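Me: I'd like to understand how the labels on a structure come about. Could you walk me through a few of them?

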Amino acid sequence: MSSLPTAGPLDAAVGKVFRRVVPLFVVMLICNQLNRSNIGYAQEHLEADVGIGAAAYGLGAGLFFIAYAIFELPSNMLMERYGPKIWLTRIMVSWGLVSAAMTFVQGPTSFYVLRFLLGAAEAGFFPAIIYFFSRWLPSSHRGRATALFVAGSSIAAAVSGPLSGPLLSLHGFLGAAGWQWLFGLEGLLSVVVGLIAYTRLDSRITDAKWLSRPEQDALAAAIEQEDEARRSTAASGSVSRWRLLVQPQILVFCVIYFAIQLSIYANTFWLPNIIRRIEGTNDITVGLLSSLPWICAVVAMYFTGRASDKLGRSKPLLIGALVVAAAGTYLAAIVSPVLALVFLCVAAMGFKSASPLFWTIPQGSVHPLALASAVAIINSLGNLGGFVAPYGFGLIKEATGEVTWGLYALAAACLVAAVLVLFLRRDRVVAPPVTLRETVGEKS
């Protein structure tokens, strides 16, 4: 076994990873979110220019998540084979090129194909980042790194509107439509950032010339010791995902997370459309106003996170966040367009805060041997909300001309999720079949 790493070199190495890599990953996630959600700002123009109606738009927005789910596992396997340096670069460059190719959309069919390809290109991005953290940071520092990284999604949501508006206003410049400038420039930005990432990342600690030899040795030793402990624990048994899937507690987790994702992605793809109901708005004002709910959400996430740390309990805060999301969404459906924006800010504070609060509960109630498999199941099934939300809203908009009934549905889903949280018990251990008794027996 490796000797214990020296604190000085280890701390210095961790600090360098945080300064060199984590900010780069935040920028990469911002690019990811921009290319994933920019169709929300282009929707009205796509309908006018190439005939993509509300239902077609919703289906195309949702197809992204179907492709993402299909190709996530193969992407993860290839990442382990080629290393995160090469694979993260491949992911960014390929999704940037596909997003830029959206400038050539001619109708619903090409829109569907490119959205599906974008999901395939992006598949595995988030797990690759988490894998990188597991190979470069001790477990005591991964939580903070992951939190900083995930914050990039809220930052992206806040800046996407102010950025999209001016790009759409380039309509007619050099003979291109505004939505073509939007897709083209944001896609090429991802390609550039991907190429920069290739020069800044290393797949192995020993390849990092920006770390001194003592820092490399200390960091590698710390990771290796944790790997040995993990291998020893994992040797005590295995977990069946199929057995976990039929456990009531896991199914409740899936339903709650599905409701949260419904709200997040319904607003991601349809918020600009809702704001356009305000009289006198244009592409620039819609973009600016669309950032307000996400800015409010960032503030709320910070304070709920601090409150959760102080209380040591996330369940009451999660229930409160879901009730706030339900109330804000419902009120947004029945008031004037201007007040609807105000209540959508309230709703965003609820459903965005609910996501990080939610994940602390499985971590405290699922047995460590089953946690990885349980998280994979919850994440996979819950993310189907990313397909259902935009497609469902599209069908509602096509049938009624408004998204009001979609907002009612989101409010109901959040209320159901809040009630289901009451049935979760942190002290109820969800354990892998057979092996838990053996593990407990060894410790007694």
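Predicted model: local features only at pLDDT ≥ 70, side-chain atom pairs only at ≥ 80, totals over all residues.

Me: Why is the pair of Trp294 and Phe351 called edge-to-face?

Reply: The structure holds 21 aromatic pairs. In the pair of Trp294 and Phe351, the ring centres are 6.2 Å apart and the planes stand at 70°. Centres within 6.5 Å make a pair, and planes over 60 degrees apart count as edge-to-face, so this pair is edge-to-face.

Me: What makes this pair a tie between parts apart in sequence?

Reply: Trp294 belongs to helix α13 (residues 283–311) and Phe351 to helix α15 (residues 337–365), so the pair ties together parts that are 57 residues apart in sequence.

Me: How do you know whether Trp294 is buried or exposed?

Reply: Its relative accessible area is 5%, and buried means under 20%, so Trp294 is buried. Phe351, at 1%, counts as buried by that cut-off.

Me: Why is Leu78 called partly exposed?

Reply: Leu78, in helix α4 (residues 54–82), has 32% relative accessibility. That value falls between the 20% and 50% cut-offs, so Leu78 counts as partly exposed. Together with Tyr82, Ile86 and Tyr198, Leu78 forms a nonpolar surface patch of about 360 Å² accessible area.

Me: How do you know that the length of helix α14 agrees with its residue count?

Reply: Helix α14 (residues 315–334) has 20 residues, which at 1.5 Å a residue should span 28 Å; the end C-alpha atoms are 29 Å apart, so the two agree. Its buried residues include Leu318, Ile319 and Leu322.

Key: Residues numbered from 1 in each chain as written. Heavy atoms only, no water. Patch = residues over 30% accessible without salt bridge, like charges linked within 9 Å, V, L, I, M, F, W, Y side chains within 5 Å. Areas by Shrake-Rupley, 256 points an atom, 1.4 Å probe, with all protein chains shown as cover. Salt bridge = Lys/Arg side-chain N within 4 Å of Asp/Glu carboxyl O. Helix = DSSP H or I, 4+ residues; strand = E, 2+ residues; numbered from the N terminus. Buried < 20%, exposed > 50% of the residue type's maximum accessible area, 1.4 Å probe, protein only. Expected span 1.5 Å × (residues − 1). Phe/Tyr/Trp six-rings, centres within 6.5 Å; stacked < 30°, edge-to-face > 60°.
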